[in-house]
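Subject: Structure handover, helix packing

Dear colleague,

Here is the structure for your files. Notes on what was found in it follow below.

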Amino acid sequence: MSVAFLLIVLFGLLLVGVPVAISLGVSAVLTMLVFTSYDIMGVPEIMLNGLKPALMAIPMFILAGSLMSKGSSAQRIVDFAKSIVGHLPGGLPMSAILACIIFAAVSGSSPATVVAIGSVMFAALNSAGYPKSYSVGAITSAGS
């Protein structure tokens with residue numbers, strides 16, 4: 001019964017146009033409030049206790065990657081990668097992949113690499129005429 005309620009609320013919110021993240025959260029909290037004995041004040045504690053410490057670090061890595069891309073370190077890594085393989089045929093995608101490899105070694109995080117190098121190289125690859133799907137695929141796969 002509770003699963004049916006959860007799915008009905010979730011899909012009902014999605015059909016009305018509520019974003020996915022909000023729909024998931026609202027449907028989970030409503031189901032918990034209706035079918036359990038928890039009160040509304042215990043919901044944040046339950047949600048925070050369910051978080052893993054490793055998952056909490058991901059937003060900080062993304063923030064670090066964003067700060068590095070706004071600064072000059074990401075652009076310097078891209079320029080270094082272009083100087084190594086930029087002259088070869090297909091050098092721009094290769095330099096994006098090499099920059100991702102170097103940045104991933106420096107930052108230690110795949111999401112931070114995709115944010116930092118992707119913000120610089122995605123526009124360069126698109127303006128050079130590469131398809132968007134190719135650009136996204138190269139940057140995201142090289143980031144990991």
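A crossing is called left-handed if the near helix is turned anticlockwise from the far one by less than a right angle, and right-handed if clockwise. Helices here are DSSP runs of H or I with at least four residues, strands are runs of E with at least two, and both are numbered from the N terminus.

This is a predicted model, in which local features need pLDDT of at least 70, side-chain atom pairs count only at pLDDT 80 or more, and totals for chains, interfaces and linings use all residues. Residues are numbered from 1 along each chain as its sequence is written, and side-chain values use heavy atoms, with hydrogens and water left out.

Helix 5 and helix 7

By the handedness rule above, helix 5 and helix 7 make a right-handed crossing. Helix 5 covers residues 73-85, and its axis lies 9 Å from that of helix 7 at an angle of about 60°. Axes are lines fitted to C-alpha atoms, for helices over the stretch in contact, and angles run from 0 to 180 degrees between N-to-C directions. Helix 5 is therefore oblique to helix 7; angles under 35 degrees count as roughly parallel, over 145 as roughly antiparallel, 65 to 115 as roughly perpendicular and the rest as oblique.

On the helix 5 side, Ala-74, Gln-75, Val-78 and Lys-82 meet Ala-116, Ile-117, Val-120 and Met-121 of helix 7, where contact means heavy atoms within 4.5 Å. The residues of this contact of helix 5 with helix 7 are 6 nonpolar, 1 polar and 1 charged. In this scheme Ala, Val, Leu, Ile, Met, Phe, Trp, Tyr, Cys and Pro count as nonpolar, Asp, Glu, Lys and Arg as charged, and the others, Gly among them, as polar.

Asp-79 is also in helix 5. With 39% relative accessibility, Asp-79 counts as partly exposed; buried means under 20% relative accessible area, exposed over 50%, and partly exposed in between (1.4 Å probe, protein chains only). The C-alpha atoms of Asp-79 and Ile-139 are 16 Å apart, at a sequence separation of 60 residues.

Helix 6

Helix 6 runs over residues 91-107, and at 1.5 Å a residue its 17 residues should span 24 Å, which agrees with the 24 Å between its end C-alpha atoms. The expected span is 1.5 Å times one less than the number of residues. Buried positions in helix 6 are Gly-91, Pro-93, Ser-95, Ala-96, Ala-99, Cys-100, Phe-103 and Ser-107. Gly-108, just after the helix, has a positive phi of about 80°.

Helix 6 and helix 7

Helix 7 spans residues 110-127, and it packs on helix 6 at about 160° with the axes 9 Å apart. That angle makes helix 6 roughly antiparallel to helix 7. The crossing of helix 6 past helix 7 is right-handed. From helix 6, Leu-92, Pro-93, Ser-95, Ala-96, Ala-99, Cys-100, Phe-103, Ala-104 and Ser-107 meet Ala-112, Thr-113, Ala-116, Ile-117, Met-121, Ala-124 and Leu-125 of helix 7. By class, the contact of helix 6 with helix 7 has 13 nonpolar, 3 polar and no charged residues.

Helix 6 and helix 8

The axis of helix 8 (residues 132-143) comes within 8 Å of that of helix 6, and the two cross at roughly 25°. The two helices are therefore roughly parallel to each other. Helix 6 passes helix 8 in a right-handed crossing. In this pair, Pro-93, Ile-97, Cys-100 and Ala-104 of helix 6 meet Tyr-134, Ala-138, Ile-139, Ala-142 and Gly-143 of helix 8. The contact of helix 6 with helix 8 divides into 8 nonpolar, 1 polar and no charged residues.

Lys-132 belongs to helix 8 and, at 57% relative accessibility, counts as exposed. Leaving out residues up to four places away in sequence, Lys-132 touches Phe-122 and Asn-126. Ser-133 is in helix 8 too, and counts as exposed at 63% relative accessibility.

Regards
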